[in-house]
Amino acid sequence: MIEQWGHADTTLVEQWTRIRARLRADVGEAAFNSWLKPLTLGEMLGNRLRIAVPTRFMRDWIEQNYGDQLTEFCREENTSVAQVEIIVEPIRTVVQTPGGPLRPPIGQRHGGETAPESDEFVPADGLDAVVTASEDVRALLDKRFVFKNFIVGRTNELAHAAARRVAESDGVPFNPLFLFGGVGLGKTHLMHAIAWHITEREPSRRVLYMSAEKFMYQFIRALRFRTIMDFKEQFRAVDVLMIDDIQFICGKDSTQEEFFHTFNALVDQNRQIVVSADKSPSDLDGMEERLRSRLGCGLVADIHPTDYELRLGILQDKAEQLGAQMPDKVLEFLAHKITSNVRELEGALNRIVAQSTLVAGRPVTLETTQDVLRDLLRANDRRVTIEDIQKRVAEHFNIRLADMHSARRARAVARPRQVAMYLAKQLTARSLPEIGRKFGGRDHTTVMHAVRKVEELRSTDNSFNEDVELLKRMLEI
Ligand code: ADP
Ligand code: MG
């Protein structure tokens with residue numbers, strides 16, 4: 001038997017902590033909590049790393065769905081690992097009750113009509129309970145994911161308004177509410193916010209939130225332990241059903257079938273359903289047609305990729321929440337650079353804040369930021385093009401992109417245009433004539449003049465110099 005950490009040396013433990021963090025980031029919070037959290041580090045046997053799970057069912061599932069990732073991360077963190085072996089190691093913790101005999105914790109007690117096999121594991125996070133009491137559902141929600149912390153911008157305002165409407169309404173404004181958008185854009189945040197709001201306002205309303213993966217897990221368990229009637233009844237007794245990441249059940253026919261029936265039963269009784277996915281209903285390949293059309297028949301709200309204003313707004317809000325003093329320039333820089341999704345944006349900010357508190361006395365500047373985030377920035381970078389430069393510079397100086405090509409000579413547009421030409425010369429391998437052509441067919445001497453002019457201004461005008469420097473950093477690879 002493996003004692004947790006028993007045989008592991010500190011380095012291995014540290015590596016394991018990192019592996020877990022990477023898995024969490026990779027598979028997302030919900031899947032991590034459902035499946036990977038219960039993993040415990042075992043021992044190294046030669047070049048084989050042993051990882052323990054509490055049940056056979058979980059072992060099979062993890063091997064099938066997360067095995068490659070787990071192995072890859074273990075190998076990357078510890079080069080002497082060639083193979084990862086997942087073994088079943090039931091949790092054998094015993095709890096000492098005051099004055100009473102030793103007894104196993106709840107998850108280990110057997111008996112009752114659904115007593116599973118002896119190695120069955122009931123995770124402590126409520127994985128098995130179909131929770132409907134408001135207190136219970138709240139225990140599963142992320143405290144930070146409330147409406148108050150959700151920053152609204154052009155790209156998410158529809159989804160936000162729809163979520164609010166569902167949360168604040170006594171009835172069922174649209175059924176289902178279908179939220180969709182790319183990863184890390186706030187779908188889960190909005191769903192939790194709905195659940196928080198409803199359970200707070202009307203504790204008697206039974207709210208159930210779960211990932212589609214968990215839905216499937218419970219369904220499979222119910223089939224296996226012949227408790228399918230209980231399963232159905234429990235689901236059908238809720239007032240608000242929220243299923244996150246429904247794309248997970250694409251291609252999983254029997255789970256889809258069950259969900260379809262649950263869905264219909266709830267809609268018939270005028271209960272609210274909220275569903276999220278990474279794609280619109282019509283793009284969900286592997287989803288049965290009848291379910292797809294059902295999913296699309298309420299309100300379908302798209303969360304678009306973030307724009308600069310939203311990213312900046314989120315950063316300002318989070319920095320304030322963290323009580324961190326951040327120079328505006330650093331936040332602007334991050335908002336320009338980390339464009340992939342909000343999760344990465346938050347991650348970047350957290351790293352900078354952590355670094356500045358760890359290395360006290362080292363103020364946060366553009367340089368330290370770039371240093372700390374080198375890997376992240378690289379991942380978010382592409383090769384910079386003249387078009388990127390024109391766009392960024394136009395945004396920065398608040399002029400129309402068309403003015404990069406136009407013949408207008410007013411200072412307000414001519415100067416930014418010169419800056420863009422200068423940056424094109426600095427940051428791309430284009431020749432002067434090529435650059436000229438991209439700026440409305442200008443002559444190479446015009447470009448040369450612009451480069452000289454900007455160089456001259458940089459050396460005489462400090463704030464202009466800073467402006468150009470910021471733009472350059474934002475565009476640089
Ligand atoms: P998704 O479920 O779409 O993959 P999440 O809801 O998990 O994304 O969001 C990822 C992270 O980004 C969370 O920490 C969330 O709080 C944060 N986030 C996303 N959108 C916003 C927003 N508009 N305002 C504040 N935080 C946000
Ligand atoms: Mg999510």
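A residue is counted as near a molecule if one of its heavy atoms lies within 4 Å of it. In the structure described here, which is a predicted model, 18 residues surround ligand 1, and the closest are Ile151, Gly184, Thr188, His189 and Glu346. By class, this shell around ligand 1 is made up of 7 nonpolar, 7 polar and 4 charged residues.

Several polar atoms of the protein lie beside polar atoms of the ligand. A polar side-chain atom of threonine 188 is placed 2.8 Å from an oxygen atom of ligand 1, and a polar backbone atom of glycine 186 is found 3.1 Å from an oxygen atom of ligand 1. A nitrogen atom of ligand 1, in turn, is 3.3 Å from an N or O atom in the side chain of asparagine 156. When ligand 1 is taken alone it exposes 560 Å², and the protein buries 95% of that area. Two or more residues of the shell around ligand 1 are given by each of helix 6 (187-201), helix 11 (308-321) and helix 13 (342-358).

The model also contains an open sheet of 5 strands, arranged in the order 7-8-9-6-10, in which the pairing is parallel. Strand 7 (207-211) and strand 10 (299-303) each have a single partner strand and stand at the edges, so one side of each is left without a neighbour in the sheet. Direction ignored, neighbouring strands of this sheet are turned by 15° against each other on average. Strand 6 (residues 177-181) runs parallel to strand 10 and is joined to strand 10 by 5 bridges; within this pair, phenylalanine 180 has aspartate 302 in strand 10 as its bridge partner. Helix 5 (residues 157-168) lies across strand 6, strand 9 (272-277) and strand 10, and runs at about 135° to strand 10. Helix 7 (residues 212-224) packs on the sheet as well, where it touches strand 7 and strand 8 (240-244), and its direction makes about 95° with that of strand 7.

Another open sheet is formed by 3 strands in the order 1-2-3, and here the pairing is mixed. Its edges are taken by strand 1 (40-45) and strand 3 (83-88), each of which has a single partner strand, so one side of each is left without a neighbour in the sheet. From one strand to the next, the twist averages 30°. In general, the strands of a sheet pair through backbone hydrogen bonds, either parallel or antiparallel. Strand 1 and strand 2 (residues 48-53) pair in the antiparallel sense over 4 bridges, and leucine 41 has isoleucine 51 in strand 2 as its bridge partner. Helix 3 (residues 56-77) packs on this sheet and touches strand 2 and strand 3, with a direction that makes about 160° with that of strand 3.

The hairpin of strand 1 and strand 2 has 2 residues between the strands, and in this hairpin glycine 46 takes a positive phi near 65°. Leucine 45 stands opposite arginine 48 in strand 2.

Conventions: Residues numbered from 1 in each chain as written. Chains lettered and ligands numbered in written order. Predicted model: local features only at pLDDT ≥ 70, side-chain atom pairs only at ≥ 80, totals over all residues. Heavy atoms only, no water. Polar contact = N/O pair within 3.5 Å; in protein donor to acceptor, adjacent residues only side chain to side chain. Areas by Shrake-Rupley, 256 points an atom, 1.4 Å probe, with all protein chains shown as cover. Nonpolar A, V, L, I, M, F, W, Y, C, P; charged D, E, K, R; others polar. Pairing = 2+ DSSP bridges. Axes fitted to C-alpha atoms, helices over the stretch in contact; angles between N-to-C directions. Contact = heavy atoms within 4.5 Å.
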